[in-house]
Protein chains: 2
Amino acid sequence: MSGAGASWPVPLAMKRALEAARSAAAMGEVPIAAAIVREGEIIALEANATRSPPDPTGHAEIRAIRAAAAIVGSERLVGCDLYVTLEPCAMCAGAISHARIARLYYGASDPKGGAVEHGARVFEHDQCLHAPEIYAGLGEAEAADMLRAFFKDRR
Amino acid sequence: MSGAGASWPVPLAMKRALEAARSAAAMGEVPIAAAIVREGEIIALEANATRSPPDPTGHAEIRAIRAAAAIVGSERLVGCDLYVTLEPCAMCAGAISHARIARLYYGASDPKGGAVEHGARVFEHDQCLHAPEIYAGLGEAEAADMLRAFFKDRR
C-alpha cells in the first residue's frame, strides 16, 4: 500500500466521490461514495444507499461495482480503478476483489470498520484471488470531516 | 462455531438451497444458493447469479439478503437465519454481519475462498460489529459434490 498523503492533488474521480458523499448526507445516508474509472472516464458514481429501499449491501462500492459491471457488460472490471472516500469494509473489499478492480484509491482510513489496513485485511490472504494496487489518503481530511460532522449531528 | 456434522438431519431451508444450487448449475452459474428464514418461514431463496446480467456481487448470500431486506422492510434482518450451501467469502460474510443475521448455517467448507473459518475470518475481528452464531456442515457432502461435478464438467 502507498500512502498518497494529503499534499497530493485530489484526482477528479475522488472529488466527484466527495461531492456525492456530501449529497448522500443531505439524504440521511452515511456520507460515503465511490467512483469507477475506465480509461480516464468516470463510468459509475454511487453513494451509500442502505435505507430507502432498505439494503444492507447498499454500500457505495457495491453499488458502483454493480453499475459499472452493467455498463462494461462483464462481471470483471479489468483495468478499472475504484475511488472511494472511506477505507472499504470486508464486504466491499471482497467485492473489489471479485470485480478484479486494478487500482483502489481511498480517502480516510477506518479503524472501526475497515478491512484493508485493519481487521480482516481481506487482500492479504491466500483466499483473496485478486488484490488491487492500493493507494490511501487521497482527500482524507475532507472525507473524515464529513463523516465526523454527520455522526455528530445524529448524536 | 459448531460442527453440525453429516449425521444431523438437513433442515428444509438447506434442502431448498441445495435444490436451488442444482438449478443454478443447469443455467451455467456456480451451484451455490442461500435461503433466509424468519420465524420458521423461508422468506428468500436465491442462487448465485453473476453472469447474466453481469454482477460480480451476485453471490447467493448477497442476493438473498437484498431480497429479504425488501420483504422485511429493514436493512437489519434481526432474528433471521441464513442457510447457504458453501462457506461464505469475505464479501458475503461482511454482508451477513451488516444485515445482523442471527444464525448462519453453511454446508461445505471452502478452504480456497471461504472467509469464516479460513483466510480473512471476517467474524473474528473487532471491526466486525455483529457476528452470527455459526453452524457448519449441514448438507456438506451434497453441496461439495455438486461443486466438484460443476467444475469437473467445465475443465
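**Close-up views of a predicted two-chain model**

View 1. A:Glu39 is placed in the loop between β2 and β3 of chain A. The model shown here and in the other views is predicted. Most residues other than glycine have a negative phi, and most peptide bonds are trans. A:Glu39 is not a glycine, yet its phi is positive, at about 50°. Is A:Glu39 buried or exposed? With a relative accessibility of 78%, A:Glu39 counts as exposed, since the cut-off for that class is over 50%.

**View 2. Strand β2 of chain A and its partners.** Strand β2 of chain A covers residues 33–38, and five of these six residues are buried, so the strand is largely enclosed by the rest of the structure. On one pairing, β2(A) runs antiparallel to strand β3 (residues 41–47) of chain A, with six bridges between them. Within that pairing, A:Arg38 lies opposite A:Glu41 of β3(A). The two strands form a hairpin, and two residues separate them. β2(A) also pairs in the antiparallel sense with strand β4 (residues 81–86) of chain A, over four bridges. Here A:Val37 is opposite A:Asp81 of β4(A).

View 3. In chain A, the peptide bond that joins A:Ser52 and A:Pro53 is cis, with omega about 0°. A:Pro53 belongs to the loop between β3 and α2 of chain A. In chain B, the bond from B:Ser52 to B:Pro53 is likewise cis, and its omega is near 0°. B:Pro53 is part of the loop between β3 and α2 of chain B.

View 4. B:Asp55 lies in the loop between β3 (41–47) and α2 (60–72) of chain B. B:Asp55 counts as buried because its relative accessibility is 10%, and the cut-off for burial is under 20%. Which residues does B:Asp55 contact, apart from its neighbours within four places in sequence? They are A:Arg66, A:Ala69 and A:Glu75 of chain A, together with B:Ala49 and B:Thr50 of chain B. The side chains of B:Asp55 and A:Arg66 are joined by a polar contact of 3.0 Å.

**View 5. The interface between chain A and chain B.** Each chain takes part in the contact, with 32 residues from chain A and 32 residues from chain B. About 2,500 Å² is buried between the chains, 63% of it on carbon and sulfur atoms. Of the area that chain A buries against chain B, 26% is supplied by A:Pro56, A:Glu75 and A:Gln127, more than by any other three residues. There are two salt bridges between the chains. One links A:Asp55 with B:Arg66, whose closest N and O atoms are 3.0 Å apart. On the side of chain A that touches chain B, the elements giving two or more residues are α2 (60–72) and α3 (90–98) of chain A.

**View 6. The rotation axis relating the two chains.** Two copies of a chain are related by a rotation about an axis and a shift along it. Chain A is superposed on chain B by a rotation of 180° with 0.0 Å of shift along the axis, and the RMSD is 0.0 Å. The two copies are therefore related as by a two-fold rotation axis. The residue of chain A that comes closest to this axis is A:Met91, whose C-alpha is at 1.8 Å. Of the interface residues of chain A, 100% are also interface residues in chain B, so the copies meet through the same surface.

Definitions and conventions
Residues are numbered from 1 along each chain as its sequence is written. Chains are lettered from A and ligands numbered from 1 in the order in which they are written. This is a predicted model: local features need pLDDT of at least 70, side-chain atom pairs count only at pLDDT 80 or more; totals for chains, interfaces and linings use all residues. Side-chain values use heavy atoms; hydrogens and water are left out. Copies are superposed by least squares on the C-alpha atoms of residues with pLDDT of at least 70 in both. Contact means heavy atoms within 4.5 Å. Buried means under 20% relative accessible area, exposed over 50%, partly exposed in between (1.4 Å probe, protein chains only). A polar contact is a pair of N or O atoms within 3.5 Å; within protein, one must be able to donate a hydrogen and the other to accept it, and residues adjacent in sequence count only if both atoms are side-chain atoms. Two strands pair if DSSP finds at least two bridges between them. Buried area is the accessible area (1.4 Å probe) that two parts lose on being put together, summed over both. A salt bridge is a side-chain nitrogen of Lys or Arg within 4 Å of a carboxyl oxygen of Asp or Glu.
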